[in-house]
Amino acid sequence: MRIPCPYCGSRDIGEFVYRGDASPVRPAADGAEAAMFAYVYLRDNPMGRHEEHWYHTQGCRNWLVVTRDTLTHEIPSARLAAPLNAGDAV
Amino acid sequence: MGDGLEISEVTGLGLVAVMARKGVGAEAIGQRLGLAPGLAAPATPHWVGDGALALIGTGPGSWLARSEAPTAEWAETVIERLAGLASATDVSASYRVFRLSGGDAARLLQRGAFVDLATPAFAPGSVAVTVIAHIGVIIRQIDETSFDVSVFRSLGESFHHWLTTAAATL
Amino acid sequence: MSRLASGGLIDRTRRLRFTWDGKALEGYHGDTLASALLANDVRLVARSFKYHRPRGILTAGAEEPNALVTLGSGAHADPNTPATTVPLTDGLVATSQNRWPSLRHDVMAVNQFASPIFVAGFYYKTFMWPKKAWEKLYEPLIRRAAGLGALSGLPDPDSYDREHAFCDLLVIGGGPAGLSAALAAGRAGLRVILADDGLEPGGWLLSCRDTIAGQTASNWARIAVAELGIMANVRVLPHTTIFGIYDGCEYAGVQHLGAGQPEPGQPRQRLWKIIASRALLATGAMERPIIFGGNDRPGVMMASAASSYVNHFAVAPGRRAVVFTATDSGWQTARDLIGAGVEVAAVVDPRGGGVPVDMAGIRRVRGLVRDVRGSAVRGADIATPDGKVERIDCDLVAMSGGWNPAIGLAAHLGQKPVWSEAIQSFLPGALPPGLAAIGAASGQFALGAILAQAHGAAAALAETLGAGGHAGEPSVAEDEACGVAPCWHVAGARTKAFVDFQHDVTDADVALAAREGYVSVEHMKRYTTLGMATDQGRTGQLNGHALLAAATGKTVAEAGTIRARPPAQPVAIGVLAGHHRDEAFRPARLAPSHGWATALGASFTDAGQWKRAQWYAQPHESDWLETVNREVLATRNAVGFCDVSTLGKIDVLGPDAGALLDRLYINTFSTLAVGKARYGVMLREDGMVMDDGTTTRFAEDNFFLTTTTANAARVLQHIDFARSVLWPDLDVQATSTTEHWATFSVAGPQSRALLADLLPEIDLSNAALPYMGARRFRWNGISARIYRLSFSGELAYEISVPADHGPALAQALHEAGATPYGTEALGVMRIEKGHPAGNELNGQTTAADLGFGRMMAKKKDFIGKVMAQRPGLTDPARPALVGLKPVDRAQRIRAGAHLLPVGAKPVAANDQGHVTSACFSPTLGHAIALGLLAHGPSRHGEQVVVHDPVRGADVLAEVCDPVFVDPEGVRLRG
Amino acid sequence: MTRYSLFSLAAKAVSGHRGWQRAWRDAAPKAAYDVIIIGGGGHGLATAYYLAKVHGITNVALVEKGWIGGGNAGRNTTIIRSNYMLPGNEPFYEWSMKLWEGLEQELNYNAMVSQRGVLNLAHTDAQRDGYARRGNAMRLHGVEAELLDLDAVRRHAPFLNFDNARFPIKAGLLQGRGGTARHDAVNWGYARAASALGVDIIQNCAVTGFLTDAGGAITGVETSRGPIRAGKVGMSVAGHSSQVAAMADLRLPIESHALQAFVSEALKPIIPGVITFGAGHFYISQSDKGGLVFGGDIDGYNSYAQRGNMPTVEDVCEGGMALMPMIGRARLLRSWGGIMDMTMDGSPIIDHAPIPGLYLNAGWCYGGFKATPAAGWCFAHLLATDAPHETATAYRLDRFATGHLIDEKGQGAQPNLH
């Protein structure tokens, strides 16, 4: 399986480290414990389209948000997790 | 060893890891470091420049500045020159750099790297940060038949063992 | 001898010698082991798995279920190798398997007498009485009888390598379809790879008598391969099997290099990993058997195989044949046999209608072969519609029950095949991205049509991919007749009729499975083991599904298929491992002073992928403990030095570096003064301790972090996640400098004096460089750093220089009189000081467990803060860090022992914690340890039992403060 | 139910085995039952059996969307062991071992339970001490465990790499009672016995939703073969736990992951029991038919595809060659994948769902097969008595909120690291 890294191009998943579902957002510092519990522990774990975090550890060392189908493993797209600072081409 | 292959090592390099700060573009970095006028630091996995100063693209907004004959203060001056534009740190001793040249150089590297190294996908000026035999590498194509392959210093022996083993069966 | 006087593609000028079960035989270059055996009239080649019935050669291809042999001997032995795929080489040693004492006289054949009991699944119904008998008696017998070939138990002496490749079009299979497609795509200018698993490319063309563009099929194939060979944009991979399709248009294959024994140092096989944006499945089709009585006897062969042996290898597989066929192609075999001088007693074809091959003198019988006579074929009983049975003497029955397109690869990503009424078999349904099927694999069996279809498909691909060249025209050939009618099974057989030849599964077994409710094809497969042999059901599985469908009132289409899975052909595990075995299993990371330490006689230990000097034994020292004690005392009493370069080092830079560190560590770093260092603890978001280390500030926007050796990569990944995903608004950058700095800890009361001589240009006084102070300086003109940091608890410094200068610094320190110490001594001293390390940071401990509860900042948010407050993580009864001393000072405590109250029964309910780190303390003269004990901090002075039953007797210990040496830290601040 | 034995086998052989009936009734769904179990894997079938056998509750329907034993229960590497460290796990897995040891007699179906030992190898001092801690914990739970030194390991498996290994072997933890069992036979054995006690086993019956009463309590399931009512519904669907839970608007602390498994061509017996490599991802045993059954780590990304990719295949084979270099000559015959319901601490959940009438048996990571008998026993106990079985009290769903985690590997809330 290969991930279309926005900077490095198509690369084998052996170069990446998978973290998990990219949709949970870390609650604000003063948020309730229940919100942090859900962020840390609960997952939709869908069969089908899934936005997930991968880290290009043996490549450009960026965190990516990869859109992948968890049933067919097809990967239509991937983008840098960090919104790019102005002026960078990728 | 295939007849079309020589393996040597490039030593004494000056290397500085350069990471653009928020909102700073590749042109600014290139110009501040004194690349030829109008020449920007590469925003894609490529390298530009020459022996005195080259900028190797290793990621969005990050490069390796390289000098073949650095003075003792070269790294400090690069870091200071970039003040305000980019964070930079001396990594001159972090890598061992193997020079592969000859007709079989690309074929040998292709045995290890799962990245298309054939022209036009990869050509002089191209860079690939990838992995060979579980060892992280930075591959830089210099000309039609020669490449620099940089690996972390601590992994130099293991990488050299792979190089010689793979080359023996070309 | 059954070698034909002329013909075939073998090279009669190159005679080759080989042995079969010790007997010297001969064949020619171009033979397979199978064809050479047949040429020497060897027809009994193996014994079946369960009944040990005699088995002959059934096919001429990789799907061979019977003729499995062991090649070579000793460590080079290659068990379970299909003789049909082995190119004959001079000096080849081949032996039969799974028989004792010999192939001809196999004692285990006695199983056939028990066959009424030994039906499918019999072992699920018996061997249960008496209770212990299964393991003591029955299973050992079954295991000894099971298995075919044997491993030698010796390490694989051969080497393997790998190659990656990228192309526009991968053509899988070099038969008529594959060659035609590759020619079209190659001419059009696409970047093409053609992989073919035969002795030479050509596939069926090497075994048929058709003509293409006026050439014989085999000559056309050789000319096509030659043309492909000179195209720069085409790469032909002979002896290469594509065994798997994976995500991302990735195709995995194995290439057999150099037939027979590779030269020393050269690889035996090569793993290919190919990324192909398009691929064409040109793997042809496999002939289907027919299920009739005795269809497993040596002398029963697939019709296409008989044609192959005659046309390709110039070997007559028999003298008098009966061809039993429900396909037109079976008639071509009759013609081939007659052409080679083999008498065809009859062509038994149950179908009505005309004769596909009009040959004078062929006797056609409309009927079915019901039984074959003899333990090797001596005759065949033909049942005709009028109810009569005619016995015909023969020594060969060539059968053809239909053709199954070889579409296994197309299902590797989960797509299901679909039933085709037209060809009475399954074809690919939906296909993996980029893949299409051509030729027989797409259900197209006529040669002329195949060449045109394949050429058209490739030319169309070239166009869509924008290749500029012209694909040329397809070669022309006539279309031979290729009708087929379903003929799965002949009812009323008097003797056993086989569906799976290797696993001895009969038609009766399939009926039994249906009767007992194992009616899904998956249940039937697992209950009868049909299709679980080395041919993975490629020969008779579909026949079995047809029988099951009939028994359960379903159509074959409704019964469905078993999902084909990688590998499409068995693959040596060695080639999948390649370079990564023995010492090269994983790379070794060598610290900067590795060479220097080796010269000094250091012994090394593994710390993740790092090699670290464990101790520096001197010749007179009796064991490692004496060495380590010396190193500890030399450091505590004078000065020692240790290479600590393997610790993770990360530069965190930029205006918001301090803000980021405040959110990562439990304590605050944004307030750290320049030139100062601070110890920090980092949590995971679930509140557990992830890592610890000291961070030094060299400038307003320049922090230098250290991490544990084990977690270096994980912490960098964590930092990058925090700054790019959690808080992208922060302007902060980070990069690893682990490899740039060689770092040595110089510790001991005389450390300052020693360094004062070595580094005259720095003021090392306590005032100028206090504890936890740090400074950048130059040493012999190179940039260097010095820190007042101490893991040993002594007055100590850490000095960093660029890694290439590490050995020089080590040598200078040694020559100045400092004693080198290794990780063992380092471990003893940090245990003496009660510092938690890897054993304590085991991912199951909180900051409070380790005594860092007070460091957790109250105001600021940091990763893990909220989850760390959960009841389960703040329960006072949680095991917490304590020191342990044996009450009897002479006794020893080991890490991994558990802690029980004195006098308590050694049961889990009384388990109060465990020993995490332990050593002998030369400083104190007795064993000491750190542990995690329930309510630990409040139990100093209490006694507990150190319970270590897997290693020895209980030891009584006293709970104490984890800091054994200089608790006030006087030496640190000296 | 005809009793299986050598005599019944011989008797039926006389009439060409035409006398055998179906091993389990292929029941059609009735309108209502006392209990519905979703999932026809080993856990669901065992639950149904123990509900009937131990608790006398026989008005039970087991609904399976495909064919029984078609999910993880039919695609695991058949290992049974009780060598766990934490007090939340070890009692449960030891209870499962006790049930394994009597299974053939209990079900009158030879599941080929074969206790030839499970050996975990250590390659560093710290790893050896870690196994000592686990071995001592097992002893405290009354389970035998031995810490073998290098010579003992060499005697147990002489073909291991003792000469030029990158990570030399230092020691090994051996559970002699660990071993393997024939997974299909376990599923069919429980199905046959449960069916004989009156449980309806309903195949090709996919659950598509839950029936609820006004108050939101679960009162049955909607299926591809019509609605079926019941007072209690137990979910035992492993990798599909999140899908079925979502039908009740329930999110779980679970990610589904692909675990690949491999088998070689059949070879003469050479590997004594189960052996696990401590310096990489590789474990192996040899089936009674002679195939080397092996595997390693999960692929590491969410997946329902029941297959994986090459990096894992290579990593497993590299581990195999590093540990036992003889394996290079053996040929990989077949590889496949299961869907592992990986939890946030690597341990399972046997608990009420926070919705009345719904019960969860989920989160089995890659250890579900060895847990089959005890999971069935304990889930039946919970369904019958509404109280957790004494060995499964720690498997609470809310443990992630309260912080009473059962984290054997200490990897935290990252499922793919367990």
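## Two packed helices in chain C

What you see is a predicted model. The crossing of α6(C) and α7(C) is left-handed.

Which residues bring α6(C) and α7(C) together? On the α6(C) side you will find Ala303(C), Ser304(C), Ala306(C), Ser307(C), Val310(C) and Asn311(C). They meet Gly330(C), Thr333(C), Asp336(C) and Leu337(C) in α7(C). Sorted by class, this contact of α6(C) with α7(C) has 4 nonpolar, 5 polar and 1 charged residues.

## A covered helix

Let us stay with chain C and turn to helix α16 (residues 657-664) of chain C. This helix is mostly covered, since 6 of its 8 residues are buried. The buried residues of α16(C) are Ala657(C), Gly658(C), Leu660(C), Leu661(C), Asp662(C) and Leu664(C).

What covers the buried residues of α16(C)? The cover includes the chain C elements β36 (648-653), β37 (677-683), β38 (689-699) and β39 (702-707), together with α17 (712-726) of chain C.

Val348(C) belongs to strand β19 (residues 343-348) of chain C. Is Val348(C) buried or exposed? Buried means under 20% relative accessible area, and Val348(C), with a relative accessible area of 0%, is therefore buried. Leaving aside residues up to four places away in sequence, Val348(C) touches Val322(C), Val323(C), Phe324(C), Thr325(C), Val365(C), Gly367(C), Leu368(C), Val369(C) and Ile382(C). For a sense of scale, the C-alpha atoms of Val348(C) and Arg971(C) are separated by 100 Å, and these residues are 623 residues apart along the chain.

Ile893(C) sits in the loop between β46 (879-886) and β47 (898-901) of chain C. With 3% relative accessibility, Ile893(C) counts as buried. Among the residues that Ile893(C) touches, not counting those up to four places away in sequence, are Leu884(C), Lys885(C), Pro886(C), Val915(C), Ala918(C) and Val946(C). Ile893(C) and Leu956(C) are 63 residues apart along the chain, and their C-alpha atoms are separated by 9.4 Å.

## Nonpolar cores

Now look for the largest nonpolar core, which has 87 residues. Those with the most contacts inside it are Phe92(D), Trp100(D), Tyr109(D), Tyr190(D) and Ile350(D). Ile350(D) touches, among others, Phe92(D), Leu360(D), Trp364(D), Phe379(D), Leu382(D) and Tyr395(D), with residues up to four places away in sequence not counted.

## A look at chain A

How many helices and strands are there in chain A? Chain A has 1 helix and 6 strands, and along the sequence they follow the pattern β-β-β-α-β-β-β. The C-alpha atoms of chain A fill a box of roughly 40 × 35 × 20 Å along the principal axes.

Of the 90 residues in chain A, 57% are buried. Among contacts in chain A between residues at least 6 apart in sequence, 45% join residues at least 24 apart.

Note on methods. Residues are numbered from 1 along each chain as its sequence is written. Chains are lettered from A and ligands numbered from 1 in the order in which they are written. This is a predicted model: local features need pLDDT of at least 70, side-chain atom pairs count only at pLDDT 80 or more; totals for chains, interfaces and linings use all residues. Side-chain values use heavy atoms; hydrogens and water are left out. A crossing is left-handed if the near helix is turned anticlockwise from the far one by less than a right angle, and right-handed if clockwise. Helices (H or I, at least four residues) and strands (E, at least two) are DSSP runs, numbered from the N terminus. Contact means heavy atoms within 4.5 Å. Ala, Val, Leu, Ile, Met, Phe, Trp, Tyr, Cys and Pro count as nonpolar, Asp, Glu, Lys and Arg as charged, and the others, Gly among them, as polar. A nonpolar core is a set of buried Ala, Val, Leu, Ile, Met, Phe, Trp, Tyr and Cys residues joined through side-chain atoms within 4.5 Å. Buried means under 20% relative accessible area, exposed over 50%, partly exposed in between (1.4 Å probe, protein chains only).
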